[in-house]
Amino acid sequence: MRGRGVLLSLLGSLLLAGVAAAGDFEGIIVLKETSGGQTVQQQWWLKGHALRFEEVGPDAGRGAMIFDAKKQALYSLHHDEKIYLELSTASTAQSQPQTFDEILITRTGKHEKVAGYACEVYHMKDRSDGSTGEFCMAKAIGSAALFGMTSAQAGGASLWPGWMRDLFKDGGFPIKGVDRDGRGREEAHWEAVNIESQPLADRLFVPPAEYQKQEMAFVKPE
């Protein structure tokens with residue numbers, strides 16, 4: 001758990017693995033995250049089988065990620081160059097490393113309200129380095145683009161541990177959290193500043209027509 005919120009990194013890992021989650025929320029979730037002395041706003045657009053992730057602010061990169069669960073496709077948009085990369089998550093899901101075996105999650109029994117939504121507080125500890133944190137999980141605001149592959153792979157066992165599937169199965173989304181290193185020093189914190197249910201245009205979830213597709217270059221391991 002280094003450098004930024006582990007649950008937000010987890011969401012990114014799920015996205016890369018082609019994960020779909022239960023829930024029918026359609027709208028936008030805006031998170032304010034501070035990590036390493038830099039603050040950015042993370043914007044998540046969720047609609048059915050599709051989601052879009054983008055950071056804004058002076059410390060943010062100039063790009064966006066789009067995931068389409070039906071197509072099992074991930075698009076990486078680069079705004080300055082007006083190009084995008086396309087990756088099939090059907091193949092990357094099977095090659096995802098098991099990186100969460102040392103994460104211990106426990107319920108605290110505490111509840112909060114963030115951006116108008118109730119959430120339950122969990123404590124987490126990474127036994128590999130002693131780092132800890134808390135996150136507050138809201139329900140029913142995940143989308144269909146965030147559980148299917150956490151439940152099981154086609155023809156095989158799930159790649160993801162049970163605690164992860166339980167967190168995301170009811171449209172779960174971490175709307176507040178903090179990460180600390182092994183000495184208890186804060187590394188990152190985030191909190192939802194706006195959660196708004198609203199209809200979203202389909203064009204948000206496809207690469208813009210004026211963006212050119214860039215072929216990915218793969219290097220064979222020696």
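User: What is the phi of Gly184 in the turn of the hairpin that S10 and S11 form?

Analyst: This is a predicted model. S10 and S11 pair in the antiparallel sense over 5 bridges, and the hairpin they form has 5 residues between the two strands. Gly184 sits in that turn, and its phi is positive, at about 85°.

User: Which residue in S11 stands opposite Arg180?

Analyst: Arg180 has a relative accessible area of 24%, so it is partly exposed. Its side chain meets that of Glu134 in a salt bridge, with N to O at 2.9 Å. Across the strand pair, the residue of S11 that stands opposite Arg180 is Glu186.

User: How many of the residues of strand S10 are buried?

Analyst: Strand S10 covers residues 173–180 and is mostly covered. Strand S9 (residues 132–138) runs antiparallel to S10 and is joined to it by 7 bridges, with Ala138 opposite Phe173. The buried count for S10 is 6 of its 8 residues.

User: How many bridges join strand S1 to strand S11?

Analyst: Strands of a sheet pair through backbone hydrogen bonds, either parallel or antiparallel. Strand S1 (residues 27–35) and strand S11 (residues 186–197) run antiparallel, and Gly27 stands opposite Ser197 in S11. The number of bridges joining S1 to S11 is 9.

User: Ile28 and Trp44 are 16 residues apart in sequence; what is their C-alpha to C-alpha separation in space?

Analyst: Ile28 lies in strand S1 and, at 11% relative accessibility, counts as buried because the cut-off is under 20%. Not counting residues up to four places away in sequence, Ile28 touches Gln43, Trp44, Trp45, Asn194, Ile195, Glu196 and Gln198. The C-alpha atoms of Ile28 and Trp44 are apart in space by 5.5 Å.

User: Is Gln42 buried or exposed, and which side chain does its own side chain contact?

Analyst: Gln42 has its place in strand S2 (residues 38–47). Its relative accessibility is 0%, so Gln42 counts as buried. The side chain of Gln42 makes a polar contact, at 3.4 Å, with the side chain of Glu55.

User: Where is Leu200 found, and what is its relative accessibility?

Analyst: Leu200 is found in the loop between S11 and S12. Leaving aside residues up to four places away in sequence, it touches Glu26, Gly27, Trp45, Leu46, Lys47 and Phe205. Leu200 counts as buried, because its relative accessibility is 7%.

User: Which residues are linked with Glu26 in a network of salt bridges?

Analyst: Side chains of opposite charge can pair when their charged atoms come close. A search of the whole structure finds 9 salt bridges. The residues linked with Glu26 in a network of salt bridges are Lys47 and Asp202.

User: What is the N to O distance in the salt bridge of Glu86 and Lys213?

Analyst: Glu86 has a relative accessible area of 32%, so it is partly exposed. Lys213, at 42% relative accessibility, also counts as partly exposed. Their side chains meet in a salt bridge with an N to O distance of 3.1 Å.

User: How far apart are the closest N and O atoms of Lys176 and Glu112?

Analyst: Lys176 counts as partly exposed at 27% relative accessibility, and Glu112 counts as partly exposed at 33%. The two residues form a salt bridge, with the closest N and O atoms apart by 3.0 Å.

User: What share of the residues of the chain count as buried?

Analyst: The chain has 4 helices and 12 strands. Its accessible surface comes to about 11,200 Å², of which 49% belongs to carbon and sulfur atoms. Of its 222 residues, the share that count as buried is 46%.

How values were computed:
Residues numbered from 1 in each chain as written. Predicted model: local features only at pLDDT ≥ 70, side-chain atom pairs only at ≥ 80, totals over all residues. Heavy atoms only, no water. Buried < 20%, exposed > 50% of the residue type's maximum accessible area, 1.4 Å probe, protein only. Polar contact = N/O pair within 3.5 Å; in protein donor to acceptor, adjacent residues only side chain to side chain. Pairing = 2+ DSSP bridges. Contact = heavy atoms within 4.5 Å. Salt bridge = Lys/Arg side-chain N within 4 Å of Asp/Glu carboxyl O. Areas by Shrake-Rupley, 256 points an atom, 1.4 Å probe, with all protein chains shown as cover.
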